[in-house]
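Hello,

Here is the structure I promised to hand over. Please open it first, then read my notes below.

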Amino acid sequence: MKKYQNMGRALAILLVLAMLLPFVSMPAFSTDIPCAEDGCSGKYRNGICSAAGHYEAAPIEGGIYRISNAGQLYWFAALVNAGDNEYNGDNGEVCDAVLTNDITVNADMDADDKLAWIPIGLYTSGREYVRYSGTFDGAGHTVYGLYYENVNYDGRNAGLFGMVDSNGTVKDLTLADSYISGSTEIGGIASHNYGTVIGCTQSGTVTGIGATGGIVCRNMGTVENCVNTGAVTGATAGGIAAENSGDAASCANSGAVSGTNSVGGIVGLNSGDVTDCLNAAQVTASEAHV
């Protein structure tokens, strides 16, 4: 009994810390620096060129891309989605990345000109997939103001990551003040996880017409020590995962979860293992299996 009391206290502390995230100020955009593209007269602001609209390349050190601003995050997503998710060019190294700062993508989520996100690990309307197979280390940093909205057929497999491969890891990352809305298979941190998502927190709004999860939508790998405090709405829906056939351990949810059928505070539909998890939010559904 003492083990579970201690686990409850630990998860409660995680929830309290995650709930404080909206009150932490966003980091300021990086100082303007000259654009590195040949012939470009613009400057990078937050890693985005004022003249051409392209993104600043993330520097690589020790085989790891070091991402410090929004433009570099978008540049890295494009790199992965172009098919370089397994190797860094000719270096034969896995495409790993680490955040070196908190990053603000959209400072004003009510603005009309928000920068739209394209998930790392892409799904296309031609049913082609790119899976992320490296290690993405948030290093305790936060990504603020991520915006994705596409409720059409191709608006699926959406999140900060689209698909995390069996060799992929996403860790020690917080996603805050964000809005992710798509058709189906929508998750805050990742849509599909075949690998490992560990130590991640999500406090934004995650909505889908179909299956939707606060941390991941469909988990076939491991989700561990993750916390969701944002509202989750979908058909099949879960605060941590909409569908779990892998392992969900030591996770906590305090975001309201609503859906149609197979809806849960931790997992909506489960055929895997769920251990030492805590739900402290309202869970509602219009049909069955709640």
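S250 sits in the loop between β26 (247-249) and β27 (252-253). Strands here are DSSP runs of E with at least two residues, helices are runs of H or I with at least four residues, and both are numbered from the N terminus. The phi of S250 is near 55°, a positive value in a residue other than glycine. S250 is buried, with a relative accessible area of 13%. Buried means under 20% relative accessible area, exposed means over 50%, and partly exposed is in between (1.4 Å probe, protein chains only).

A139 also has a positive phi, of about 55°, although it is not a glycine. A139 belongs to strand β8. Its relative accessible area is 40%, which means partly exposed.

**What you are looking at**

This is a predicted model, in which local features need pLDDT of at least 70 and side-chain atom pairs count only at pLDDT 80 or more, while totals for chains, interfaces and linings use all residues. Residues are numbered from 1 along each chain as its sequence is written, and side-chain values use heavy atoms, with hydrogens and water left out.

The mean pLDDT of the protein is 87, and 82% of its residues reach 70 or more. Residues 86-93 have a pLDDT below 50; beyond near neighbours in sequence, this stretch has 13 contacts in the model. The pLDDT is the predictor's confidence in each residue, from 0 to 100, and a contact means heavy atoms within 4.5 Å. Where pLDDT is low, the predicted coordinates should not be read in detail.

**The overall picture**

The protein has 2 helices and 33 strands. Of its 290 residues, 50% are buried. Among contacts with a separation of 6 or more, 75% are between residues 24 or more positions apart. The protein exposes about 12,500 Å², and carbon and sulfur atoms supply 49% of that. These areas come from the Shrake-Rupley method with a 1.4 Å probe; for residues, only the protein chains shown count as cover.

Strands pair if DSSP finds at least two bridges between them. Here, 2 bridges join β1 to β2 (residues 43-45). P34 has K43 in β2 as its bridge partner.

**The core**

Which residues have the most contacts inside the largest nonpolar core? They are I67, F76, I120, F136 and F161, in a core of 46 residues. A nonpolar core is a set of buried Ala, Val, Leu, Ile, Met, Phe, Trp, Tyr and Cys residues joined through side-chain atoms within 4.5 Å. Two or more residues each come from β5 (64-67), α2 (70-84), β6 (96-99), β8, β11 and β12. The largest share, 7 residues, comes from α2. Leaving aside neighbours within four places in sequence, I67 is in contact with residues including A58, L73, F76, V98, I103 and F136.

**Salt bridges**

The count is 4 salt bridges. The rule is a side-chain nitrogen of Lys or Arg within 4 Å of a carboxyl oxygen of Asp or Glu.

- E61 pairs with R66, the closest N and O atoms being 3.9 Å apart. E61 is exposed at 53% relative accessibility, and R66 is partly exposed at 33%.
- R131 and D165 meet at 3.5 Å, N to O. R131 lies in the loop between β7 (103-104) and β8 (135-144), and D165 in the loop between β11 (161-164) and β12 (169-176), so the pair ties together parts that are 34 residues apart in sequence. D165 is buried at 16%, whereas R131 is partly exposed at 31%.
- E243 pairs with R218, the closest N and O atoms being 3.1 Å apart. E243 is in strand β25 (residues 241-244) and R218 in strand β20 (residues 216-219), so this pair ties together parts that are 25 residues apart in sequence. E243 is partly exposed at 22%, and R218 is partly exposed at 23%. Salt bridges that share partners join E185, R218 and E243 into one network.

Best regards
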